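Visitor: I am new to this structure and would like to learn how to read it. Please take me through some features one at a time.

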Amino acid sequence: MLLTISTTLRPATDLGFLLHKHPDRVQEFEQSYGVARVFYPEAGPERCTAALMLEVDPVRLVRSRGRSTPDYALGQYVNDRPYAASSLLAVAMADVFRTARAGRCHSRPELAAGPIPLEISLPALPCRGGPELARRLFEPLGWEVEARAVPLDEGFAEWGDSRYVRLSLRGEVRLADAINQLYVLLPVLDDSKHYWVASDEVDKLIRAGESWLAAHPDRSLITRRYLGRRWALTRTAFARLAEIGDDVEEDLEPPVEEEPPATGSGAENAEGTGSTAENTEGNTEGNTGSTEGTEGAGSVGVAEGAPAVASARPLNTLRREAVLGVLAELGAREVIDLGCGSGQLLGELLRRPEFTRVTGVDVSAQALALAARRLKLDRMPERQRERLELFQGALTYTDKRFAGYDAAVLMEVVEHVDPPRLGALERVVFGVARPGNVIVTTPNAEYNVRYEFLDGMRHQDHRFEWTRAEFRAWAAGVCGEHGYRVTFHPVGDDDPEVGPPTQMAVFAVGGGAGDD
Amino acid sequence: MTEISVPEMSLVVLVGVSGSGKSTFARRLFTPTQVVSSDFCRGLVADDENDQAATPDAFDVLNYIVATRLRRGLLTVVDATNVQWDARKKLIDVAKAHDVLVDAVVLDVPEEVAIERNAARPDRAFGPHVVRRQSKELRRSMGKISRDGFRRVHVLRGVEEIETATLVTEKAWSDRRELAGPFDIIGDVHGCRVELETLLRTLGWRIDPDGTGATHPEGRTAVFVGDLVDRGPDSPGVLRLVMGMVGAGTALCVSGNHEQKLVHALNGRKVRVAHGLQESLDQLAAEPEEFRAAALTFMDGLISHYRLDGGKLVVAHAGLKEAYHGRASGRVRSFALYGETTGETDEYGLPVRYPWAREYRGRAMVVYGHTPVPETEWVNNTICLDTGAVFGGRLTALRYPEREIVSVPAERVWYESVRPFGSPGHREPEVLSIEDVQGTRHIEVRHGGGHVKVREENSAAALEIMSRFAVDPRWLVYLPPTMAPPETSRLDGYLEHPAEAFAEFAAAGVTRVVCEEKHMGSRAVAVLARSPQAAAARFGVTDGTAGAVYTRTGRSFFDDTTELVDRLRRVCESLMDELGSDWLALDCELLPWSAKAEGLIRNQYASVGAAARVALPEAVAVLEAAAGRGLDVGDLLDRTRRRLVNASRFRDAYARYCWPVSGLDGVRLAPFQILACEGRATAALEPHSWHLERLSALDDPLVAPTRHVFVDLASQESMDAATGWWEALTAEGGEGMVVKPLPPEGARAQPGIKVRGREYLRIIYGPDYTESLDVLRRRFLGRKRSLALREHALGLEALSRLAEGEPLWRVHEPVFAILALESEPVDPRL
């Protein structure tokens, strides 16, 4: 809501010419969600400060949006927009300082063209990544950065710091560049949903950053954060249910792809935490993945120093290959992927004509939408499209549509089911759907000690992670109950001490208890 | 005059050449919707009833309509020439696929009449050769049409017979819906005459001294599920008694597989003599020939199943899936007598039975026998009464409609079972099907009447939450409905005030209300059983847990609720005693709010507070500096200073509901309603005063009382007192209160109205909401109110179904629907 720009230029009041705002006047600019005002708390020859204050009317903010985009979540009403330096402030700034941002100044052209001493202050900058990230993004642009975290609530010291940072930037920077940088980086640092900005404005922001962004060392993070969150617009029903359950929506988001922060190479990190695979199209996994990985690990320099793990290829690729290998070996032709997520395995299956019928099931409507997009469902040739089916289903409800397949794949699925509900999953899959083969992969908890920065389980949605013995015990129980045989296979580097990172069980219908 | 008699639920195939008068005939004897004509279908797909090129498509449509009507159990008439065998064959196949009988009605008119009629119709441009060809085909068919597979072929010869024929419909043999009981349904007897007599006497029957009949003083009717004979010591004695009862109209009996086989054997057909058949044959051989003949006639005439009591009760020997109720076909009889098998055999060489009951979703109760079980058990409104009397188990009866089980022990083991009998049964947990919850749904509710619709996209959102986060559905017997606020207050400074709530109830005809303190925590439903055994018996939960405490979205409170559950079970022990129940379900608020919602509070509320408290002082300072320079920022400065105060009040508002907890230390639970206990959906039956009184007796530091006042809506004084109470409550930082009609409310009044305090509303409407009250007063309650009513009706429906012992899927359906409705877009601030 507040941004101050100061200069010690002589005379400092030339700032008024550069900003095209007179130091002795209070100027108002109507915005669709409130009023922006520019005034000067100080205007001396040695130091001059312009303040941009945006008064956001939260009621108007909501009412100004059409009924067609109903963000029926309380977060729309009680939020930090009236106080924080968010994308609203960035948009207002771009509007109010339009001419300055373009670098035009008829009366002081030489000042507009070159660097001048500037001091920019933002008392409450939402900054996911903390002061560290603010420094990382502004320092390469020539700023001396002072960033301090704001505590969440002094009454509850145990809650720690808030996501806000009190930010001051000092440096010799061209004013137009400074404004453009803020314009792009404020929402990047904020990195929450852009539901208060129309989506076309997001596009405008991207264009504004293009010129200087190319040279920025963190350009991929910057672009990813812009693009990555746009799908959130469609999640209102889910958000609503999260809220009435007193849950944070992000904590409930479906695990689409996951890999723990690893010790090793960037490649091992390639799919980072959950959100990577949720990126909009256009971001390939490679260029966004490594940044997400380092971010998740909370340490920037690990990638170089750490010893490389045995495999340079991401674990989820190895896992897919292992599953595809088993399916080929079994001669399966009709395969159902139970918990297909964003459809990576489905894509591989469709590329192989021997799989005549490929079905993806997920409980998350969002995951299915991502899968449809990843697989380019709307543009898929008819012959291929005929082999594929995608639908919403849950593994705790029996479902006729699950029946009749040669093989079912549950890749990294069981660990997302609460232990008391596993019995239902077993009956639904092994008891009722009864495919000829079932392939189950799950993390090997013993291997977790090999992930240096892992604290707890590999994903926040994991309800458990099994040791090899626990997995075998579970599989043996399933075999006894439902009449399957099972064999076990390692996936990834099979560590002599702790075993492989992923364990895989291949069940075959018929016969008694498991053998090895 | 010829009378044509067709089954009530059947397919009637008209057969006759073009111009034989089929359409006129059908119009005269059937309703327009019963008749599906090929001409009409041709018109549907081609815009031309005579476009012969469209015939294949037209018959696709015709078959589809016929199949759909038959699936729904409707009498259907096909108006097409059907002179060719393969055309009739297709229709017979459709009827067989839906297990309905099929009759043919042949309209046989002289060729010239048909030709003449066609010539008179401009739309029938074809020449007389068409009729001649059809006529030839018909004549060729007539010789063997009776072997096509029709139940009966009615032939009407000549114009006059066709024009004067009349129609009657026959009820299916299985249709005894007019009999409303009460019934005593009796399991497999297998020749255990003594046990049968003991059981009948226990049920209050008087048995004739000669053992040839029995009557019940209250006029009850016995229904035998079949397998009267074989294995046991006195099959003739059992037959004599049952035959007498059936003959006198005091009993009904369906056929068991043992009767069927005995009939074959007595008729001299080659059967494998096993499974106790020899005993029956030997015993019958000792009987007079006359009795043997009567017994054979009796058993041969037994039908596969009965539908009773308006269709609410179905009795069949081996059970019957819903699609077969009231139907007639070989496979229906086979299912009813033998059940469905998977084709596999178990380790004793006996066929593995397909668990049809687990998938049963019909509304009719199905009572059956056939498979000996150690204990009777309700599975989806079905129950097996064969408790192995002949194997030394018990002979069991079900009293209907009381749903009461009565059984007597066997005198001894009369016959050794191939499969060990009496070992504890492997209890098959009830499994929910995706079809129980997915898609657009219309759910019948008894409270408020009618049905509640759930839209497909809401079901989809709920499915994700339910399956990823909710507790075991066997515990998830209820979810709390949403609640509407009152009309907006006009009082200065208030958005909500008790006056509007009182006025709304008064207008709805309510005279007394209770105002309950609204605790600010997280809503919690606690389902508690006395012991893990009681939990297993009532809820079928066998993992050793004895209760669950879950949130508004069905998610378990805390990672492990065992400690909380155990504590609550102890606290509620005396209440369970009082209620005479081994379990109960409570609606509560769990405090503090931060215990469950800390993540949300930090992420959303505390963050807003932090941003406000760091940004606003800076803004004030900058504005003061500008004012010091003589700039005109007066209004803005005042406003910003006020907002700084609002921000600090906002912080106080949420902080009040946060305190640290460790384990159960610091946690409090405030129950305010007893949702249900054994046999009773108390939430639907008892006034709030009843609930509050019983709950106030719970004495434990864990339990927080729910303060409340009763209000007489005719007394201004009483209302003023309650308003004062609310003001005091909210001034100390309370969330507010909930106003509820005291006696269980009528269908149209809201079940409750929440009146929230001025400071609390900052959490909902934002720190500065008091600055823009006039704008906020324009809020629309319609949707919220309607939602509250619908969810409330669903909640009571779930509890009623639970209390009545309905199957899991029936309880789950309305619970799931509540969660689905909660995802509907409604202003979340209401």
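Guide: Start with burial: a residue counts as buried if 20 or more other C-beta atoms lie within 10 Å of its own. Keep in mind that this is a predicted model.

Visitor: How many residues of helix 27 of chain B are buried?

Guide: In helix 27 of chain B, 17 of the 22 residues are buried, so the helix is largely enclosed by the rest of the structure.

Visitor: What span should helix 27 of chain B have?

Guide: Helix 27 of chain B covers residues 782–803, and at 1.5 Å a residue it should span 32 Å. Its end C-alpha atoms are 32 Å apart, which agrees. After helix 27 of chain B comes G805(B), with a positive phi near 75°.

Visitor: Which strand pairs with strand 22 of chain B?

Guide: Its partner is strand 23 of chain B (residues 451–454), in the antiparallel sense over four bridges. Within this pair, H442(B) stands opposite K453(B). The hairpin has six residues between the strands, and G448(B) takes a positive phi near 90° there.

Visitor: What is the strand order in the open sheet of five strands?

Guide: The order is 3-4-2-5-6 in chain B, with parallel pairing. Strand 3 (35–37) and strand 6 (152–157) of chain B are the edge strands, each pairing on one side only. From one strand to the next, the twist averages 20°. Strand 5 of chain B (residues 101–108) pairs with strand 6 of chain B over six bridges, in the parallel sense; there D108(B) stands opposite R157(B).

Visitor: Where does helix 3 of chain B lie?

Guide: Helix 3 of chain B (residues 55–71) lies across strand 2, strand 3 and strand 4 of chain B, and runs at about 165° to strand 4 of chain B. Helix 4 of chain B (residues 85–97) also packs on the sheet, touching strand 2, strand 4 and strand 5 of chain B. The direction of helix 4 makes about 170° with that of strand 2 of chain B.

Visitor: What pairing does the open sheet of four strands have?

Guide: That sheet of chain B, in the order 29-24-30-31, has antiparallel pairing. Strand 29 (708–712) and strand 31 (753–756) of chain B form its edges. Strand 30 of chain B (residues 736–741) is joined to strand 31 of chain B by four bridges, and M737(B) stands opposite V755(B).

Visitor: How many residues of chain B are in contact with chain A?

Guide: 66 residues of chain B are in contact with 65 residues of chain A. Helix 20 of chain B gives the most to the side of chain B that touches chain A, with 23 residues. By class, that side has 36 nonpolar, 14 polar and 16 charged residues.

Visitor: Where in chain A does pLDDT stay under 50?

Guide: Where pLDDT is low, the predicted coordinates should not be read in detail. In chain A, pLDDT stays under 50 over residues 64–72 and over residues 258–311. For the chain as a whole, the mean pLDDT is 80, and 76% of the residues of chain A reach 70 or more.

Note on methods
Residues numbered from 1 in each chain as written. Chains lettered and ligands numbered in written order. Predicted model: local features only at pLDDT ≥ 70, side-chain atom pairs only at ≥ 80, totals over all residues. Helix = DSSP H or I, 4+ residues; strand = E, 2+ residues; numbered from the N terminus. Expected span 1.5 Å × (residues − 1). Buried ≥ 20, exposed ≤ 12 C-beta atoms within 10 Å, placed from the backbone. Pairing = 2+ DSSP bridges. Contact = placed C-beta atoms within 7 Å. Nonpolar A, V, L, I, M, F, W, Y, C, P; charged D, E, K, R; others polar. pLDDT = per-residue confidence, 0-100. Axes fitted to C-alpha atoms, helices over the stretch in contact; angles between N-to-C directions.
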